[in-house]
Every structure is written in structure tokens, then in C-alpha cells.
Amino acid sequence: MLWFGAWTLNAGLAETQSGLARRIVPVIFGLAVLALWEMSVKMWAISPVILPAPSAIWAQITGSLPTLGADFVQTFVKGALSGYLLGCGAAVLTAVLIDRSPFLQRGLLPVGNFVAALPIVGIAPIMVMWFGFDWQSKAAVVVVMVFFPVLVNMVAGLKATDSMQRDLMATYSASYWQTLRKLRLPAAMPFLFNGLKIATTLALIGAIVAEFFGSPIVGMGFRITAEIGRLGLPMIWAEIAVAAVAGSAFYGLVALIEKRVTFWHPSQRH
């Protein structure tokens, strides 16, 4: 009955044109899933080793805030965020260089595709050996993971303008850099933000997985591997919950910036 009621309410709210109502839909859906999860664990007496109840996970979170906070800073702020900024910044600069050089376009993009296809479980141990066990090696893994998606989107975005627009800039005697700044970079913003949004999730995943292969005694990945050894499922799920909230908030922040920057684009007119 709970699931049916939440489904009916969500279906009604989804049909409305109100922006507030549409924002409430995922909240109601999420609460309904948590309630169904809680009832299923209690009703079927599922062992906490297999699947802890949401209430047990919440109790673990509230009782382990200092530990979770230290893990968050180590993994997200130091590893994921720094690697994200470095990787995305390098990808944008490389895209401009590729746009200026047909040689780089033919030579660098296939190499970038090859690097993007490398498995993270192979890259992470190498980065740990190169940069050590602290957050620098995790940031290096994140740089490798986010670089290519942002690069491909930015290169495509720089080609988004049509010949008539470029010819108009040429009639104004605009230089390459003036055309880039006034015409091509604004046109590339929707493409760039697509890559940046994809990279938000890749960054956190890369930082956590990289910690599986060596880290100081702090971090989300370290905590998960340590708790697996002693069947500390509530703590593992607490780390997963923190990572999910942080990743969603990070994605939402980038999407909000996109909405402010690309307000003129048809995709934002709703």
C-alpha cells in the first residue's frame, strides 16, 4: 500500500507544470524506497551482514561523523576534487591546442582514446607507485579518468559553430583568439558542461577505487576495504551513502552552473 500510494502521488505530481512539484517527486520516490527497504528487512528478518536496514545505516552515520568527515575530506576534497579540476582544466587547454593543430587532432585523440580505455584497476597501482600512498596518487587517477570525456566534448563543442557565423567574424577582421572568445567558446559551453557532468561521477569513483590499492589509514576506499574484512556492513553502507550524497551534490552544483552559463541554450528553456 505504501509503494502504491507513493507511486500514485508521484505520477500525479509528475504531470503538473510546477517546478516545485517536479522537485518533490524524486524526494517522495526516495523516501518510499527507503521505507520499503526498512519494512522488507524487518519483515523478512534479513541479516545485517547481508543487508542492514536504513535505520541501522543512519545510526552508523550519526555515530561516526568524525570518521566519515575525515574520510570525505581525504577522498572527495583532496583526491577527487583536485584531480577533477586539474584533469578538466588540462582537457580544455588541450582541446584548444588540438583545434589549432590538425596534427594534434589526428595524433592525440587516438592516443587519448587508448588511455581512456585502460582499466582503472591497472592504472591505480601504477599511480600509487609513482606518486605515493597519499591523495596525490588518487588525484592522478582522477585526472586520467576525467581528461578524455571532457576533451572529446570540448573538441566537439569548438566545432559547433557553422560556417556563416565564422565568416561573419572574418568580415569583422576578428583574430583566431577573438573568434574563440566571442563566438566559439560560448557555443562550446553546452558540450563542455556535458563532459563536466560526466566527469563528476567518474572523479569520485576513481578516487575511491584508487584507495583500494594503497592509502593512508583514512579515506572512503580504505574504510570500505577495512570494514569488509570484519563484516562491518553498516559502516560500508554509511560510506556509500556519504559518497552518493557527495556525488549527487557535486553533479547538481555543476548542473546549476551550467544553467547560469548556458541560459540562452534551448535545453535550458523549460
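Reply: Leu36, Met39, Met43 and Trp44 form a nonpolar patch on the surface, and together they have about 470 Å² of accessible area. The model is predicted, so local features need pLDDT of at least 70 and side-chain atom pairs count only at pLDDT 80 or more, while totals for chains, interfaces and linings use all residues. Residues are numbered from 1 along each chain as its sequence is written, and side-chain values use heavy atoms, with hydrogens and water left out.

Me: What makes Leu36, Met39, Met43 and Trp44 a nonpolar patch?

Reply: Patches are made of residues with over 30% relative accessible area and no salt bridge; nonpolar side chains (Val, Leu, Ile, Met, Phe, Trp, Tyr) are joined within 5 Å, and like charges within 9 Å. A salt bridge is a side-chain nitrogen of Lys or Arg within 4 Å of a carboxyl oxygen of Asp or Glu. The areas come from the Shrake-Rupley method with a 1.4 Å probe, and for residues only the protein chains shown count as cover. Leu36, Met39, Met43 and Trp44 form such a patch.

Me: Why does Trp44 count as exposed, and where does Trp44 lie?

Reply: Exposed means over 50% relative accessible area, buried under 20%, and partly exposed in between (1.4 Å probe, protein chains only). Trp44 has 63% relative accessibility, so Trp44 is exposed. Trp44 lies in the loop between helix 2 and helix 3.

Me: How many helices and strands are there in the protein chain?

Reply: There are eleven helices and zero strands. Both kinds are DSSP runs numbered from the N terminus: helices are H or I with at least four residues, strands are E with at least two. Of the 270 residues in the protein chain, 39% are buried.

Me: What makes Lys42 and Glu38 a salt bridge?

Reply: Their closest N and O atoms are 2.8 Å apart, which is within the salt-bridge limit, so the pair qualifies. Side chains of opposite charge can pair when their charged atoms come close. Lys42 and Glu38 are separated by about one helical turn because they are four residues apart in helix 2 (residues 19–43). Lys42 is exposed at 55% relative accessibility, whereas Glu38 is buried at 18%.

Me: How many salt bridges does this rule give, and which parts of the chain does the pair Arg223 and Asp71 link?

Reply: The count comes to four salt bridges. Arg223 and Asp71 meet in one of them, at 2.9 Å from N to O. This pair links distant parts of the chain, with Arg223 in helix 10 (residues 220–229) and Asp71 in helix 4 (residues 65–100), 152 residues apart. Arg223 counts as buried at 16% relative accessibility, and Asp71 counts as buried at 0%.

Me: Why is the pair Lys197 and Glu258 said to tie parts together?

Reply: Lys197 forms a salt bridge with Glu258, with the closest N and O atoms 2.9 Å apart. Lys197 lies in helix 9 (residues 176–211) and Glu258 in helix 11 (residues 233–261), so the pair ties together parts that are 61 residues apart in sequence. Lys197 is buried at 15%, and Glu258 is buried at 6%.

Me: Where is Phe193 found, and why is Phe193 called buried or exposed?

Reply: Phe193 is found in helix 9. Its relative accessible area is 7%, so Phe193 is buried. Phe193 and Val254 are 61 residues apart in sequence and 7.6 Å apart in space, C-alpha to C-alpha.

Me: What label does Thr62 get?

Reply: Thr62 has a relative accessible area of 42%, so Thr62 is partly exposed. Thr62 lies in helix 3. The C-alpha atoms of Thr62 and Ala238 are separated by 9.4 Å, although the two are 176 residues apart along the chain.
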